[in-house]
Amino acid sequence: EGFAVATDKSRGGFVYGLGGWTYPQRSGCYGATSWQPMSSGWSTSWFARFITVDPNDPSKIYACSGNGSFCRWIADISAPSGAGTLTASSSGSGIKLTWSQSASSDCAGYWIYRRESGGSYAITPYASVTGGATTTYTDINVTAGKTYYYKVAAYDAAQNRSTLSNEASAVVTASIDLDVTYISRLPRDTYFYWVDYPNNVPNLRPGTENQKRWPNYGETVTFQAHFINKGTANSGPANYRWKVNGVVIGTGTAASLAPGQEGTATIDWVWNVSGIDTDHSDQTVTFEIDYDNLIAETYEQNNSLTDFLEGCSLYIYVEKPIYDAFNARVNLVGTYSFEDWIQRQIKAMNDNFARSKYPPLAPNGCLERVRIDKIVVGSMPGTSDGTCDGRWAFTGDPNYATYADRVDGGLIHELMHQLGIIDLYQMPVLAGGNRVITPDGLPVGYTYSFARPGIMGGGDIAPYTSGASQTMPEYCSSHDVMGLNRNCGYRRGYYGEYLFDIPRYNYILVKDSSGAPAAGVTIKVYQASFGDMSGTPVITTTTDSNGIALLTNRPVIQQITTATGHTLRPNPFGTINVVGGDSTILIEMSRPGGDFDYKFMNVIDFNMAYWSGNTESWTYTINSRLASNSLPRITQLAGAIESNKVVLTWPAVPGAVSYRIYRAGSYLNRPDDPNHIYENWVFKLLASTTSTTYTDTTRFESCRYAVASVDSSGKESALSNRVFAPNLINPWAVGVLSDDTRVILDPQNGYAYMRQTPTGIYIGNTGSVHNHVENSKFMAIDRRLSRMLTSHPSDWYGGPHSIRISDLEGSLNGLWDLGTQGTGNGQFNNPGGVAVDDESRIYAVDTGNNRIQIFTSSGSFLLAYGSTGTGAGKFNNPQGIAVDSQYKIYVCDKSNARVQILQYDKNANTVTYLGLLTGKTLNGPTGVAIAPSGRIYVTDSNANRVEEYSASGKWLRSYTAPDAPYSGSFSSPTGIAVDSTGKVIVCDTNNRRVVTITPAASTTANAARKIANGQSVRLDRAVVTAKFPGYFYVQDVGALPGIRVVSSTAVEVGQTVDVYGTMATTNGEREINATLVDVRGTASEQPKPYGMTIRSMGGAADGIVPGITGGYGLNNVGLLMKVFGKTSQRNPAASEFYLDDGSGVKVRVYAPGLTIPADGSSVLVTGVSGAETSGSNIVRVLRARSIQ
């Protein structure tokens, strides 16, 4: 995937390129087609994006990735010394050049430049040779009688070029090269199997069932050899001979061939195979031309060709430009011939069959062989005539000829398909595709892949590690070999039908963690389908007293036996898809109490059992981690995940003497796992400890952890709840679902999104790399419409500047983009933050255009607001955005170091400027979120802080570090969200972690009365019940007492307020000394005054809440009440009087701002039960808000 190139402007021809999950590359100088990876210091997890050459010092090259990482290379720009005297002479079928070696020790080879008479030298080399000690080159792309001129230059490993040598020239003399290209078997009257796939079941095409497949025993067949004179002169007559199994069976003389002319020779042979021959490796036919070496040839190594008599026949088609390109390059045979190259591919394929040995099933390797029966320079017909087993066409770019010097493993992979061998990479379970839910109620999240895949992208090549090289493809897996061996002796045409070979009855034996059979285990079997795995089991059963369970045979659409001897019948997979997409199952083993484990199985396991002789029945043993003791299961394993470190903590288990920590991951061919037994999420023992915490710093991939308690006998409990530790790279944004599940955007970790539980435990991935959110940094959750919105400032594949909208899973089905790149309405230039309101309108920050835009829920444009600047309503690099229930909009105006508050009027469709968040100097606000309480949280990335503001936008406090179990300060926090409980979730991006802040909890007015003096307190939406100079009372709806708030903030009775302050006891009464009071509006429900006698006012002490001296009953200081009585001791100057209700106790009534009634009046006073000190006593006081 190419993304960027850079040129060295001081040295023509040097090109640097990069892109995708590969190392940055440096091209060969002067147009050479090879690229050298610049791997030093570059992580394979970095997606290469940009590259440049220092114009002042071309030895310095810089490259950077999409995740902000970069590297510098110091290039060698010093050229080696040149080659010595160059000479040229006609030799064989070309011109031989000879020169003396460069004196430079770093000389890596030589470039050859060529011109013809009257021409000039091209900038790019004509040819090259490797090795500083190599001092010859033969040019065979020449015409007899013509003169050619040459120069040579030395180059080093950095491809710096020396000065050019002297010029040398030569005239081409005649040459001969007889090349045996292929052997046909005639007549072509035998056919492969014509197969159709109704309902994905292979059926022979009607009318073809009785076609001839092989020559009959005793039938005479004709072998026809094809050979070409690839020299520059007539060859003259050439003697040839035929061999079968190494024994000469005939000789002859071929007529003279002109340059480029093809000849043929034939011989009859009696077919000696009867019935099905299961070994195609033991009979060969060989054709040799000029076997007696009477002709002087340029190349002798292509005078002979050996085919396997019964090998699967292939027809090869090659377009002329590709054919010519191969003929102009030296190949790995050492000749200039497409035919020699393709025959070398076939030899490598057959050699690979022979070396892929898997005793005891395949001690001699694969017994099938392949052969080329026809090579055509031209286009391949649209349909096969059925006379070959497979066809392949070389079409398109002639640069494919760069493969001339190697075996193309990809080609051999494709030719394996011609033999009916399937892509095993169709069998894995993909990330985000596993829908199975564990007994804990969380997604299992497991993926499935192959440990040591063979050439078909799967299976197992054990005991080999890898066999791919310049001259050999990867080994065939044991499954590939057995599939071919089972079909050896049959013509091809079928595809993957060998997957049908499954024992008639299939059992599993489940053992617990001690190795004992596990009885009474519930078994659920889940089946994958092309990477996805449904959460509905296809089989449910239970192990018997011996730990054994039968995997139920499921019906098939059609029960058949193929012409190649494979029977599709009921089996645990149902109708087997021959492509392999439904061939993986996941076994869930569970017992009550959360005791569960999983094991993947694959149709390969069943096939290999069948091929091992277990055609009727078979038992597969699963060594699970199910409990072997009765200790309680740990259900509160927690993990703090940051970068490559995971800190695990869990509560102590009574009776446990130690704990075992297990880790599971997908397979990555680890050197500490030579037997490859831990791939595909099998839990591997990581450590043992007596502590209740463990820190793992060896993690290098996404993995899962579990802990088991160990008793004194060494037996284990059930595995704990699992902790998923994803490989976080750049967590940028976070959103919260309606159940407080968290969705995290980490565009660099290989998946689009991740999930956390409300407690911060990772539970898996959703979406995929195909969501293409590589550059995205903001997201929003639309709970009303169950969808996810992600800013999309283009991507690594040139996608639109848009808001990308998907379902909550991030699935590609239904995904759509709102907007394109531009400056018009509805267009974006690097979109930033995104938010939705309660009616699903979309609010999007258009960062590059320094504005915000608002759209309907369906994406229709409503308005754009803002422009570039520093004034009110103007922006400079705006980032995050949030909108509250009153349609107030908060925008992080990052480069202006502020958060602006705007008001959207949905009726007028207008936006007005309200002001700023105040009270704290910001450095680089990036993300903003609003809590259910109305409080506002801002990530100040440049200051490494999270700031908290009241609902009215007044600063409250700063957070510099997250909650435990995480530690350490924030480093460039970005995304932020708040859940329904008020927890703040923060993407601590540079620390590669997603963490939680738990702000001080709000309390009720009644509960605040019992908070100790000096302690901080917060009230949310408390109702004002009475107000007085310098203070007021608040109360919760109901009959519980409230509390006095000391503040000069103007409030009105019936309003709701948020109160922030500290607790105190003053003059016998509890109170809040408020540092901030936010008026939130009018309460929808008001506390009702409680009717009470004066004697009942005040009440006894209640903990730290003072009581009335001599008082009794429940303490009600702070309660809104109404009291009836007669007045006395009227004192208007002090705004007070006394009230007597006849209960034997009078109370002083404090009534500022009210008319004081005359003594002896009967009145109903509504007010708050209060208290005050009088000497050493605490007495009642009624603080009136009204008098009737």
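A residue counts as partly exposed when its relative accessible area falls between the buried limit, under 20%, and the exposed limit, over 50%. Lys60 has a relative accessible area of 22% and is therefore partly exposed. Asp57, also at 22% relative accessibility, counts as partly exposed as well. The side chains of Asp57 and Lys60 meet in a salt bridge, at 2.5 Å from N to O. The model described here is predicted.

Side chains of opposite charge can pair when their charged atoms come close. A search of the whole structure finds 52 salt bridges. One of them runs from Lys212 to Asp189, where the closest N and O atoms are 3.2 Å apart. This pair links distant parts of the chain, 23 residues apart: Lys212 sits in the loop between strand S17 (203–204) and S18, and Asp189 in the loop between strand S15 (178–186) and strand S16 (195–196). Lys212 has a relative accessible area of 23%, so the residue is partly exposed. Asp189 counts as partly exposed because its relative accessibility is 27%.

Glu1071 and Arg1044 form another salt bridge, and their closest N and O atoms are 2.9 Å apart. Here too the pair links distant parts of the chain, with Glu1071 in strand S75 and Arg1044 in strand S73, 27 residues apart. Both Glu1071 and Arg1044 are buried. Elsewhere, salt bridges that share partners join Arg114, Glu116, Asp139 and Lys146 into one network.

The strands that carry Glu1071 and Arg1044 are also paired with each other: S73 (residues 1043–1046) and S75 (residues 1069–1082) run parallel over 3 bridges. Within S75, Ile1072 stands opposite Val1045. Strand S72 (residues 1031–1035) is joined to S73 by 4 bridges, and these two strands run antiparallel. Val1045 of S73 is the bridge partner of Phe1032.

With 0% relative accessibility, Ser1169 counts as buried, since buried means under 20%. The side chain of Ser1169 makes a polar contact with the side chain of Asn1116, at 3.0 Å. Leaving aside residues up to four places away in sequence, Ser1169 touches Met1097, Gly1098, Asn1116, Val1117, Gly1118, Leu1119, Met1121, Val1181 and Leu1182.

In helix H1 (residues 320–327), the buried residues include Ile322, Tyr323, Ala325, Phe326 and Asn327. Among the elements that cover the buried residues of H1 are strand S18 (220–229), strand S24 (312–318), helix H2 (338–355), strand S25 (370–377) and strand S26 (390–394).

The structure has 39 aromatic pairs. In one of them, the rings of Trp618 and Tyr620 have their centres 5.7 Å apart and their planes at 55°, so the pair is tilted. Trp618 is buried, with a relative accessible area of 12%, and Tyr620 is buried at 18%. One aromatic cluster is formed by Trp214, Phe223, Phe227, Tyr240, Trp242, Trp269, Trp271 and Phe287.

Arginine residues also lie over aromatic faces. Arg704 lies over the face of Phe724, at 4.2 Å from the ring centre. Arg49 lies over the face of Phe3, at 5.9 Å from the ring centre.

Technical notes:
Residues are numbered from 1 along each chain as its sequence is written. This is a predicted model: local features need pLDDT of at least 70, side-chain atom pairs count only at pLDDT 80 or more; totals for chains, interfaces and linings use all residues. Side-chain values use heavy atoms; hydrogens and water are left out. Buried means under 20% relative accessible area, exposed over 50%, partly exposed in between (1.4 Å probe, protein chains only). A polar contact is a pair of N or O atoms within 3.5 Å; within protein, one must be able to donate a hydrogen and the other to accept it, and residues adjacent in sequence count only if both atoms are side-chain atoms. Contact means heavy atoms within 4.5 Å. Rings of Phe, Tyr and Trp (its six-membered ring) pair if their centres lie within 6.5 Å; planes under 30 degrees apart count as stacked, over 60 as edge-to-face and the rest as tilted. A charge sits over a ring if NZ of Lys or CZ of Arg is within 6 Å of the ring centre and within 35 degrees of the ring normal. Two strands pair if DSSP finds at least two bridges between them. A salt bridge is a side-chain nitrogen of Lys or Arg within 4 Å of a carboxyl oxygen of Asp or Glu.
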